[in-house]
Amino acid sequence: MCVRIGLTVEKIDVDMFFHIYLIFTRTILEQDKLLEFAKLGSYLEYDLFGTEMLNYVFCPVVDVPCDIERINRIRLLIDEGYGDSLLMAHDIHTKNRLTKYGGHGYSHILTNIVPKMKQRDLPQSAIDKILVENPKRWLTFK
């Protein structure tokens, strides 16, 4: 089954600080719906960095964004004031994604994505917030 999110949000009565929405990369593709969802206050985690997909087998009608498109969406969310909510990840879940077997490996975000973010004038402070401060804050249990 293929699910795309169509949002109509009025109120959610939960502490969104502890919630994290993990599958932006392939579920909320429209900018207006992305910004509507961001208003809820959840952490927004972009995953799949390093994974380029022409055909998403679980939902063939979805065009999964490439790394540059993910960076552009992160930039949009920072520009719209959601930098405190952003997280990033990659999916290293099979050995073919490890560098030993020709994949992008665990260092992909630091060695390839961060330089691309800087080329697109994302400030170091925003990058540090996404990679260090936000995960630290989210992983600190109260």
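# Briefing on a predicted single-chain model

L76 is found in helix α3, where helices (H or I, at least four residues) and strands (E, at least two) are DSSP runs, numbered from the N terminus. The structure is a predicted model, in which local features need pLDDT of at least 70 and side-chain atom pairs count only at pLDDT 80 or more, while totals for chains, interfaces and linings use all residues. Residues are numbered from 1 along each chain as its sequence is written, and side-chain values use heavy atoms, with hydrogens and water left out.

**Overall architecture**

- The chain contains five helices and three strands, and their order along the sequence is β-α-α-β-α-β-α-α.
- Of the 142 residues in the chain, 39% are buried; buried means under 20% relative accessible area, exposed over 50%, and partly exposed in between, with a 1.4 Å probe and protein chains only.
- Taking contacts (heavy atoms within 4.5 Å) between residues at least 6 apart in sequence, 61% join residues at least 24 apart.

- L76 is buried because its relative accessible area is 14%.
- Leaving aside neighbours within four places in sequence, L76 is in contact with Q31, L34 and L35.
- L76 and L35 are 41 residues apart along the chain, and their C-alpha atoms are separated by 9.1 Å.
- R73 also belongs to helix α3, and its relative accessibility of 23% is why R73 counts as partly exposed.
- Beyond its neighbours within four places in sequence, R73 is in contact with L29, E30, Q31, L34 and Y46.
- The C-alpha atoms of R73 and L34 are separated by 9.0 Å, although these residues are 39 residues apart along the chain.

**Strands β2 and β3**

- Strand β2 (residues 43–46) is covered on both faces: Y43 and E45 on one side, and L44 and Y46 on the other, are all buried.
- Strand β2 and strand β3 (residues 86–88) run parallel and are joined by three bridges; two strands pair if DSSP finds at least two bridges between them.
- Within this pairing, Y46 stands opposite M88 in β3.
- Together, β2, helix α3 (residues 67–79) and β3 make a right-handed β-α-β unit. A crossover is right-handed if, with the strands pointing away from the viewer, the path from the first strand over the helix to the second runs clockwise.

**The loop between β2 and α3**

- L48 lies in the loop between β2 and α3, and L48 counts as buried because its relative accessibility is 4%.
- The phi of L48 is near 70°, a positive value in a residue other than glycine. Most residues other than glycine have a negative phi.
- E52 lies in the loop between β2 and α3, and E52 touches C66, D67 and R70, not counting residues up to four places away in sequence.
- E52 and P65 are 13 residues apart in sequence and 7.6 Å apart in space, C-alpha to C-alpha.

**The loop between β3 and α4**

- N96 is placed in the loop between β3 and α4, and N96 counts as partly exposed because its relative accessibility is 48%.
- Not counting residues up to four places away in sequence, N96 touches Y101, G102 and G103.

**Helices α4 and α5**

- Helix α4 (residues 108–119) and helix α5 (residues 124–139) pack at an angle of about 145°, with their axes 10 Å apart. Axes are lines fitted to C-alpha atoms, for helices over the stretch in contact, and angles run from 0 to 180 degrees between N-to-C directions.
- The contact is made by I109, L110, V114, M117 and K118 of α4 and by Q124, I127, I130 and L131 of α5.
- By class, the contact of α4 with α5 has seven nonpolar, one polar and one charged residues. Ala, Val, Leu, Ile, Met, Phe, Trp, Tyr, Cys and Pro count as nonpolar, Asp, Glu, Lys and Arg as charged, and the others, Gly among them, as polar.
- D121 is found in the loop between α4 and α5, and D121 is exposed because its relative accessible area is 61%.
- The phi of D121 is near 65°, a positive value in a residue other than glycine.
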